[in-house]
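The following exercises are to be worked through with the sequence and the three-dimensional structure at hand. Each task is followed by a solution in steps.

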Amino acid sequence: MVFILGVNFPERNLVKKALQSFFGIGNDTSARLLARYHIHPTCKVGELANKQVLDLTAALSDMKIENDLRRKVLDDIKRLRETGTTRGRRHALGLPVRGQRTRTQIKTAIKLNRVDRRL
Amino acid sequence: MPPLLNLFAARTAASTVRISAAPRRSVLAGASKSHSALSQRRWNSSGSDGKKEAEEAQRAATSMPHVSEEAAEVSRIMEKEKRCDGVPATPELEQGTMVSEILSRDKEAAKHAPKVFQDQIRKAQSGSRSFSTSARRGQLEEQKPSGGVPAGSKADDAAHAAFVQSMITQVTEDAAAAKQELAPGLKFPAPETLPRTENYRSRYEPLLEQFTKLIMRDGKLGIAEKNMYAVLDHLRTSPPPNINPRRPLLTDLPAPQLPLNPVKYLTIIVDSVAPLIKNKPMKGLVGGGASVPVPVPLVERQRRRAAIKWIIDASDKRRDTKFAQRLANELVAVAEGRGGVWDKRDLVYKVGIQGRALLGQKPKTRVIRM
Amino acid sequence: MVSPFCWGCLTRLRPTPRTLLPSPSSVSRGPAFHTSAVFHAGLRPGSGRGATAVSKFRQPSNASMKKRKKPVEKSRPPPVGERKAIRKRIVLSNPNALEVEGLQELSEETMVDSRLHGTALALPVPMLDQLRAVQAFKPNQGWSIFRRPCTILRQETLQLGRFFDKVSGDGEHKGPFVKKKIISGPSKSGKSVLLLQAMAMGFIKKWVVFTIPEAQELVSATSSYAPLSEEQPHLYVQNEATAALLSRTVVANKAVLSKLRVSQDHPALSAVTPGMTLEGLANLGVQDPASAWTVFQALWGELTATAAAPGLEKNFTPRPPILVTVDGLGHWMTESKYRDAEFKLVHSHDLVLVRHFLRLLKPGGDQPALPNGGALLYATSTTMNPPSVYAFDLILKRAAARAAGFKFNDPRFPRAEAYSNIDPRVLEALTSQKSKHAQEKKLGHQVLGGVTHDEARGFMEYFARSGLLQETISDEWVSEKWTLAGGGVIGELERIGRRLRVAA
């Protein structure tokens, strides 16, 4: 078991997938992170050297991920709402924000768009 | 007025067909009547001592009667029935199986049986049957060990071998003569017959093709062929089977020779477990609307299909990682007389024997007369 | 008019069974003259079965029957690594196949004997472990159906054998010759098996054999990598792959390496003692992958040394020739799957291991590539879906043209297309220059095609004598199969040999 940014990962997991388990890190970001520290894409968590683990943790702690990112997204929506923009209003109404049609296919917007959005 | 259905006429017609089929079968089995007994003898590789024959005879006496034996009995009954002017004969009265069965089981009783019975039993144990029990293909039978001297090395055997030998030499001489007499302008003789494999539609053995298509899923023939080759390679490389004497393979090849030709090995395995009959549930034969299984004979392709299906089903219960591995292991198990496939066939035969009394009967339907 | 039915029949008809008639309760529940109430009663919510039949407003109703749940199979996946082990398993013997009588083994005499041309030669049994160690056998080759591994002595093998004999023989032509060759050819034409035969000859002649069995594994980003040093950040070292190479070399060449001793100074390696064997030196790198690259360089320096460093003369014995084989060269001619810190793809030639072996191939360097003689045999591969690299194809075409006698100035000499995006590094790495050393020839190129009819016949006879092919082998039959096998492509011949089983 290896700790990366305080989270415990089993040794047989891929490093790439382990990084992607953080909110805010996807395919591309994790690939770039691996390249920055010269870790090959099929590397397992157990094969990481100590220095590489520390490097990764340091890099992750500098990034805006997890709760910081969630708070930022919520703040952005709230700001839009408070300044009275259309985008803010659409969020509050639970309707599509970016000019999509509303006659059909707005299930996702109904489900997700709101001021206190669940993330 | 609607035509009346004459049930009796239909039944006699059916029986005539069956009778006329019976002698043709014996012609097929051997080249002539004098050869038929000879060709049905089992060909042993190991010099043919009397012990093995006696063993086989004993097995024939103790185990269940062969299904084709049943068919012959049935046809005999039907013949008699025709002579008795349509009076249906009950199997209990006509077949006489009960007493002979008892005698075969009880040796003490057999000693004190009437002379007629004893004669009959002795005749049955002589080893040669008057009808074919062979389920193997003609092709396999042709490829006997060419050592020449077969099992008995008796006088008639030797004569037969000499006869075959002379035939072969004559044919080769003819071929050589034909080769020399080329038409002017030709450099090479014409090929006698194009081998079957040269036609792209029939480049595989029929059994191999049938097996491959039966393991095909979702129409993916390529994957099925890949698996088939993996199975054949496994058969080729796995140690030769320890054949269970109670469940022998229908072959005269010794077991160590089997893996050298995996296709033949596969054919032998499948043909050995292939059932001769299937039990078809028929309604209306007995009262009360219940359906009763009645044995129906199968042709070769149907027999093989049943066996292959059983083998594939049994292989699904194995725990190997790959399908080809499971299937190959199951095939070797069948060759060694293990596995549930043999039990399945025994069950089919048992049910078939129970249902044979109803053979040839038509379901009772209500005929409305106007 | 008379009815066709007789009354007797009709009277004898049984009454219709009651179950088929509509039951009186379902019909006459309400008043006979007004049925709508009865109808609605069934639809009223809460009244038994009718309630479920009413569909809600604008809810999609599913007309199909409810699907029955499939029984969940509770089979556990096989243990980790088992499937890979099955995939990579190499079986070298089939006890069911017949022992071939009069089979000769590959040895110093037989490998140059042109009388044996076209016959199968068995690989010596003690050598099989060495060949396994250098991963000379591939899982998709048909070793598993024969009694023991054999190879056909084909024309190219004989040529190789003569070269091996020339380099380490005792004749007057003895000398540290170097053969540099790229082997290409269509799929299944026996390129990897030719490399295997070369390795076997190397082991027979007591050469040191280095192999890269899968060139792709070095560039497919499946093993660790790191920048070489602070000064050269654009070069990358692969410690695990280097350690694996060292371990292969040590296991296979134990007999040779254990007799040679360290005779050079290695300031970078503190663990090296003066009297150490080269086997011990290589094992340092196997045990500690972090130092594998340094150890490999030290080992290479020792093996290519022609004289001892001052003060270490008593440990020096003449170094044996070296054989280097690489299978799948095409993968090294493009960018690798590794990324640098800026997320750009690393070129294969920037990986030090690849760079080392490619630099050996390039003639015209200041130092001879192998001062003690040897061979560099680099084969292309078609099995692992190699990348198509225009520059590499051009180089192969040029080599073929040069072999056919075209000069560079000849208009028929292949040129790069004007707008082709050609990789200059590939061109530069493999372009043949005039060699500065007499015993080093130009970079050669060998196209492996089909075998000849005689070789095909020998191969098919080997099948027949192993009991796998039950046919009469005649010249006509062999030439028919030779044609079917695409002009004697040996892999296709093998397929025919193991598959033609149908009795005509």
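**Exercise 1: A helix of chain A**

Task: Identify the buried residues of helix 2 (residues 27-36) of chain A and state which elements they pack against.

Solution. Step 1: Ser30(A), Leu33(A), Leu34(A) and Ala35(A) are the buried residues of helix 2 of chain A. A residue is buried if 20 or more other C-beta atoms lie within 10 Å of its own, exposed if 12 or fewer, and partly exposed in between, with C-beta atoms placed from the backbone. Helices (H or I, at least four residues) and strands (E, at least two) are DSSP runs, numbered from the N terminus. The model is predicted: local features need pLDDT of at least 70, side-chain atom pairs count only at pLDDT 80 or more, and totals for chains, interfaces and linings use all residues. Residues are numbered from 1 along each chain as its sequence is written, while chains are lettered from A and ligands numbered from 1 in the order in which they are written.

Step 1: These buried residues pack against helix 1 (15-20) and helix 3 (50-62) of chain A, and also against strand 9 (335-339) of chain C. Contact here means that the C-beta atoms of two residues, placed from the backbone, lie within 7 Å.

Step 2: Just after helix 2 of chain A, His38(A) has a positive phi of about 55 degrees.

**Exercise 2: Two helices of chain B**

Task: Describe how helix 12 (residues 221-237) and helix 15 (residues 323-335) of chain B are arranged.

Solution. Step 1: Two packed helices are described by the angle between their axes and the distance between the axes. Here the axes come within 9 Å and cross at roughly 45 degrees. Axes are lines fitted to C-alpha atoms, for helices over the stretch in contact, and angles run from 0 to 180 degrees between N-to-C directions.

Step 1: Helix 12 and helix 15 of chain B are therefore oblique to each other; angles under 35 degrees count as roughly parallel, over 145 as roughly antiparallel, 65 to 115 as roughly perpendicular and the rest as oblique.

Step 2: Helix 12 of chain B contributes Asn227(B), Ala230(B), Val231(B), His234(B) and Leu235(B) to the contact, and helix 15 of chain B contributes Phe323(B), Ala324(B), Leu327(B), Ala328(B) and Leu331(B).

**Exercise 3: Chain C and the largest core**

Task: Which domains make up chain C, and which residues of the largest nonpolar core touch the most other members?

Solution. Step 1: Chain C has 19 helices and twelve strands, and 36% of its 504 residues count as buried.

Step 1: The chain is divided into domain 1 (177-260 + 320-447) and domain 2 (453-499), with bounds from an automatic or database domain assignment. Their centres, taken over C-alpha atoms, are separated by 33 Å. Four residues of domain 1 are in contact with four residues of domain 2.

Step 2: Ala198(C), Met199(C), Val209(C) and Phe459(C) touch the most other members of the largest nonpolar core, which has 110 residues. Such a core is a set of buried Ala, Val, Leu, Ile, Met, Phe, Trp, Tyr and Cys residues joined through C-beta atoms within 7 Å.

Step 3: Leaving aside residues up to four places away in sequence, Phe459(C) touches Ile152(C), Val451(C), Ile490(C) and Leu493(C).
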